[in-house]
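Let me put the structure up and then we'll walk through a few spots.

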Amino acid sequence: MKRIMLIISYDGTNYCGWQTQENGITIEEVLNKCLSETLQEEICVIGASRTDSGVHAIGNVAVFDTNTKIPADKMAFVLNKRLPEDIRIQESKEVDLYFHPRRCNSKKTYEYQILNRRFHLPLKRLYSQFAYVPLDVEKMKSAAKYLLGEHDFQSFCSARSQAEHTYRTIYSLDVEKEGDMITIRICGNGFLYNMVRIIVGTLTKVGMGVYPPEYVEEILEAKDRKKAGPKAPAQGLTLVGIEFEEKLEEKIMVENKECKYWILQNRIEEEKLAGILIERCEKKLLEGLIERNTTQAFRNGAKCVCILIRKEIEEEERRNCWKIREYEYNRREVREEREIIDGFIEATGEKNLEKWEVWWMGDKR
């Protein structure tokens, strides 16, 4: 048995999205059928990104398990002879049997195109949104800056989302215009249901002058889908590619209006130990911050997490994390406890241990 990864490009015009469903043909369905018939065994692919109906892809990723003797790097050639013209495999290779494209840390990049001119061009109709009202690209760029970093994107999420939480990190969000075509390129660690298209719809409203750029910050803080702009049409959206993390970042610092904290991962690989240092956090958000980041630390391989919380954060707020404290780790299992704490605190530039409350949490999954 081996696991093979496919890098897949497709024109989503004639498909009801990625995921198999009863009301129409999908990319996943076509791939499963083609692979099963070609390899003479039942194949079910696992996709990294389940794109919506009408959305395109240059570099979506899927894996499948097989007993075939066909070399993994030849699978792309074999499949491309049998797939329809609007689906093509760009690369195929063998990966570890435990590799799962939706459970790995990754960066996803999408592009959205808006044709901004007086009259539509028929040749662009399947791959862009048409807007005849002149859009102010500079205002769209200003608005985009408010979305950078980690935020609660609840306002930019359609109701059907099944995500564990609505916090995501946007690494870059660029708005450029060349001729009549505006391209919005966004890279993040993941996206909620319809999130990219709602962001595009909101930026379009800014470009039209309906919203001022700073209103985007108000939309984020509202955590209300009704405050954001409309969902942009699917045909303008393309999944450009997915980059999987090969090595954990040693230190991640998050700072926004709600909170400021560090995630320390430099001891996970050898000691199975992670650190989370929380300098400030708004009321009622501390429990969620700890829960989602400890869960991610355990997924990244940690067996124990050292959590340091500034005592300036209200004592009542800290005590309210009773659900999390149920999973408190047995501190006697941690060697060199003080050295570990001191090492983590150094990341903040603050060496006074008395200013921090220390918790230890273990993976009880």
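So, which residues form a nonpolar patch on the surface? They're Met1, Leu97 and Tyr98, and together they have about 420 Å² of accessible area. Quick caveat: this is a predicted model, where local features need pLDDT of at least 70 and side-chain atom pairs count only at pLDDT 80 or more, while totals for chains, interfaces and linings use all residues. Residues are numbered from 1 along each chain as its sequence is written, and side-chain values use heavy atoms, with hydrogens and water left out.

What's a patch here? Patches are made of residues with over 30% relative accessible area and no salt bridge, with like charges joined within 9 Å and nonpolar side chains (Val, Leu, Ile, Met, Phe, Trp, Tyr) within 5 Å. A salt bridge is a side-chain nitrogen of Lys or Arg within 4 Å of a carboxyl oxygen of Asp or Glu. The areas come from Shrake-Rupley with a 1.4 Å probe, and for residues only the protein chains shown count as cover.

Leu97 sits in the loop between β4 (87-95) and β5 (106-116). Helices (H or I, at least four residues) and strands (E, at least two) are DSSP runs, numbered from the N terminus. Leu97 counts as partly exposed because its relative accessibility is 43%; buried is under 20%, exposed over 50%, and partly exposed in between (1.4 Å probe, protein chains only).

Most residues other than glycine have a negative phi. Gln40, though, has a positive phi of about 55° and isn't a glycine. You'll find Gln40 in the loop between α1 (27-39) and β2 (46-47), and with a relative accessible area of 68%, Gln40 is exposed.

Lys223 also has a positive phi, near 55°. Lys223 is in the loop between α5 (215-222) and β10 (237-244). Buried, exposed or in between: where does Lys223 fall? At 24% relative accessibility, so partly exposed.

Last stop, Asn189, in the loop between β9 (181-188) and α4 (195-208). Asn189 is partly exposed too, because its relative accessibility is 33%. And how far apart are the C-alpha atoms of Asn189 and Ile170? They're separated by 6.8 Å, with the two residues 19 apart along the chain.

That's my tour, thanks.
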